[in-house]
Amino acid sequence: MTSADSSVAASLAQARRIVVKVGSSLMIDPESRTARTAWLATLAQDIAALRAGGAQVIVVSSGAVALGWKRLGIERSPQLDRRQAAAAVGQGLLMNAWSAAFATQGITVGQLLLTYDDSESPQRSANARATLGVLLDAGAVPVVNENDSVATEELKLGDNDRLSARVAELADADLLLLSDVDGLYDRDPADPVARHIAYVPRIDEGIAAMAGGTRHEGVGTGGMATKIAAARHATGQGRATIIASGRSDHPVSGLREGARATLFDPAKS
C-alpha cells in the first residue's frame, strides 16, 4: 500500500464479512425527525456492491427511539419508560425504512434485537451467532439494534458503537466500519491546527486520549471516545476497523475513491 486511502480501499475489497454501523445522526433527518430515505437508498446500493464483490454484510442501526418520538408525538425525555415506549413504536419504522431501501436491490432484511445480557450469556450469544449465520447464508442482510424496549439502563450496552463491536465478534467479521465522522484527529477538529490521523497501527493510551478532542453533535449518543473503545475491542480480536463519515450519499463508494477516514489495523497475533 502506498497511502492510507489505498489501505482503506484494500481493506474493503479484501473483507469477506463486514459490520456497518449506522448511527442516529446518519439515519435521522434532524429537521423532520424522519428517516433519511434518499441517503439510505444510496447506502443500500453500496452494500449491494459489497455483496456483489463476495462480502457478507451486517448492519448495526440506531434510530428507533428518535423515530418513535416523532410518531408518538411526544417530547424527548430521559425517562426510561418513555424511551422504551418510543423504541417500541420506532423499531417497526426503522425496519420499514431499511426494508424499503434494500427492496430496490432485491435484498431481504432481518431484524435482530440484542441486550447486554444477550451478548454476555454464552447460550444467548450462541443463539444470536447462529441466527446471524442463517440470515447471511440465506442472502439476507441482518439489521441489528439494541432491544431498547426491554433493556434497563444498567443492562444496556449503552450505544451502538459498543454494540457494533460485539456484533463483529459474534459474527466473526473481519472488518468493522463505523460511519459517523471522518476519522480521528489529534485534537478537536474545530481547531485549525488539528491533524487528521489516517492510519493507526495500534491503539494505545495516546490514541485513546485523542478521542477526547472530537466533538459530537446531533441526535446520536456516541462520540469519538466510544468509537475508539469499539475499535480497540475489534482490533484486539484481529478485526480491522475504519472510522469514516457516512454523511454524503454513497459513503462506502466514497471510501473506495479516497474519502478521508482512519484505518485501525488489527492486532497482530
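This is a predicted model: local features need pLDDT of at least 70, side-chain atom pairs count only at pLDDT 80 or more; totals for chains, interfaces and linings use all residues.
Helix α4 covers residues 64-72 and helix α5 covers residues 80-103. Their axes are 6 Å apart, and the angle between them is about 95°. That makes α4 roughly perpendicular to α5, because angles from 65 to 115 degrees count as roughly perpendicular.

Now the contact itself. On the α4 side, the residues are Ala64, Val65, Leu67, Gly68, Trp69, Arg71 and Leu72. They meet Arg82, Arg83, Ala85, Ala86, Ala87, Val89, Gly90, Gln91, Leu93 and Leu94 in α5. By class, the residues of this contact divide into 11 nonpolar, 3 polar and 3 charged.

Next, helix α10, residues 224-236.

Which residues of α10 are buried? They are Met224, Lys227, Ile228, Ala230, Ala231, Ala234 and Thr235. Around the axis they cover an arc of only 160°, which puts them on the same side of α10. As background, an α-helix has 3.6 residues a turn, so residues three or four places apart point the same way. Just after α10 comes Gly238, with a positive phi of about 90°.

That brings me to backbone angles. Most residues other than glycine have a negative phi.

Arg33 is not a glycine, yet its phi is positive, at about 60°. You will find Arg33 in the loop between α2 (24-27) and α3 (37-52).

Asp172 sits in the loop between α8 (160-171) and β5 (175-179). Is Asp172 buried or exposed? With a relative accessible area of 56%, Asp172 is exposed.

Last, another aspartate, Asp137. This one belongs to helix α7, residues 122-137. Asp137 is exposed, since its relative accessible area is 65% and the cut-off is over 50%. How far apart in space are Asp137 and Trp39? From C-alpha to C-alpha, the distance is 27 Å, and in sequence Asp137 and Trp39 are 98 residues apart.

Key
Residues are numbered from 1 along each chain as its sequence is written. Side-chain values use heavy atoms; hydrogens and water are left out. Buried means under 20% relative accessible area, exposed over 50%, partly exposed in between (1.4 Å probe, protein chains only). Helices (H or I, at least four residues) and strands (E, at least two) are DSSP runs, numbered from the N terminus. The arc is that of the directions from the helix axis to the C-beta atoms. Axes are lines fitted to C-alpha atoms, for helices over the stretch in contact, and angles run from 0 to 180 degrees between N-to-C directions. Angles under 35 degrees count as roughly parallel, over 145 as roughly antiparallel, 65 to 115 as roughly perpendicular and the rest as oblique. Contact means heavy atoms within 4.5 Å. Ala, Val, Leu, Ile, Met, Phe, Trp, Tyr, Cys and Pro count as nonpolar, Asp, Glu, Lys and Arg as charged, and the others, Gly among them, as polar.
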